[in-house]
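Hello,

Here is the structure I said I would pass on. Please open it first, then read the notes below with it on the screen.

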Amino acid sequence: MKHWYRLDINTKDALGIDVKKHCFDNTDRADVFIEGHGGIWTFGKDEIFKQSWIDYVQETCPYLEVTGALIFWRAPGYQHAGAHIDVAPNSSPSRVEGIDYENGFHATNSSDSMDANDFYPVVSSYNWILNSDDDSAMTWHEPLPNANIELKKFTDAVHYDEVPIVDCKEIDRCTIGNDKLVMVRTNVLHNVDMGQQERWAISARCVMGWSNWQEAVETLKEYIVE
Ligand SMILES: [Fe+2]
């Protein structure tokens with residue numbers, strides 16, 4: 001099974017702000033910011049998206065209720081040496097009470113800064129790249145048997161289960177592109193293979209009414225174009 005599916009949902013007119021400017025004006029609010037290299041920001045839906053686009057998404061696909069976004073910026077050529085699984089705090093607006101989210105190796109790991117019981121793995125997110133000449137790829141990986149797995153906390157908003165990329169084998173990749181939402185699997189180890197372009201990725205987060213990837217794909221299958 002693929003780890004990404006392009007959906008027939010347009011990204012045109014989604015943003016209500018100049019995202020690059022807004023992020024660089026708010027580096028103090030970044031979850032992670034490394035001058036000259038990259039950054040991650042978390043925004044609520046009203047801070048970044050036009051309500052007309054949120055409405056368009058839900059009218060087009062009733063299963064997708066946008067709750068917010070993560071923004072990922074990377075400078076050209078910046079390679080991160082770890083692959084990770086997205087986990088979110090149980091208080092996240094995307095979590096549905098009562099759904100038992102598929103939990104790979106996350107459940108087995110806790111650290112001093114975070115208890116595995118306070119977080120859940122994010123099954124899927126809905127991504128696109130701001131620049132139309134995207135030459136990067138999102139990559140998915142399997143940990144090798146001897147992998148060194150670490151549960152990491154960056155901020156209250158960003159938590160990752162991370163594995164060094166050298167302890168992984170690549171299993172899939174996708175150049176996300178600019179004009180359609182791509183549903184990507186986030187509860188399997190993933191990373192970004194950068195090209196020569198700067199990369200600004202918008203990752204919309206939606207209410208997650210499914211417990212695993214297969215169910216997400218099955219639910220959205222009539223909206224899949226690739
Ligand atoms: Fe991620």
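Among contacts in the protein between residues at least 6 apart in sequence, 82% join residues at least 24 apart. Please keep in mind that this is a predicted model.

The protein has 226 residues, and buried residues make up 36% of them. Its secondary structure consists of four helices and 14 strands.

The sheet

Strands of a sheet pair through backbone hydrogen bonds, and this pairing can be parallel or antiparallel. Here, seven strands form an open sheet with antiparallel pairing, in the order β1-β12-β7-β14-β4-β3-β2. Which strands stand at its edges? They are β1 (4-10) and β2 (32-34). Each has a single partner strand, so one side of each is left without a neighbour in the sheet. From one strand to the next, the twist averages 30°.

Strand β4

Strand β4 covers residues 66-74, and eight of its nine residues are buried. In the sheet order, β4 comes between β14 and β3. With strand β3 (residues 38-44), β4 pairs in the antiparallel sense over seven bridges. One place to look is Trp41, whose bridge partner in β4 is Ile71. With strand β14 (residues 199-206), β4 is joined by eight bridges, and these two strands also run antiparallel. On that side, Arg74 has Arg199 in β14 as its bridge partner.

A loop residue

Where is Asn148? It is in the loop between β8 (137-143) and β9 (150-153).

Asn148 still has contacts beyond its neighbours within four places in sequence: Val163, Pro164 and Asp167. For Asn148 and Val163, the separation is 15 residues in sequence, and their C-alpha atoms are 6.0 Å apart in space.

To go through this yourself, start with the edge strands β1 and β2, move on to β4 and its bridges to β3 and β14, and finish with Asn148 in its loop.

Regards

Notes:
Residues numbered from 1 in each chain as written. Predicted model: local features only at pLDDT ≥ 70, side-chain atom pairs only at ≥ 80, totals over all residues. Buried ≥ 20, exposed ≤ 12 C-beta atoms within 10 Å, placed from the backbone. Pairing = 2+ DSSP bridges. Contact = placed C-beta atoms within 7 Å. Axes fitted to C-alpha atoms, helices over the stretch in contact; angles between N-to-C directions.
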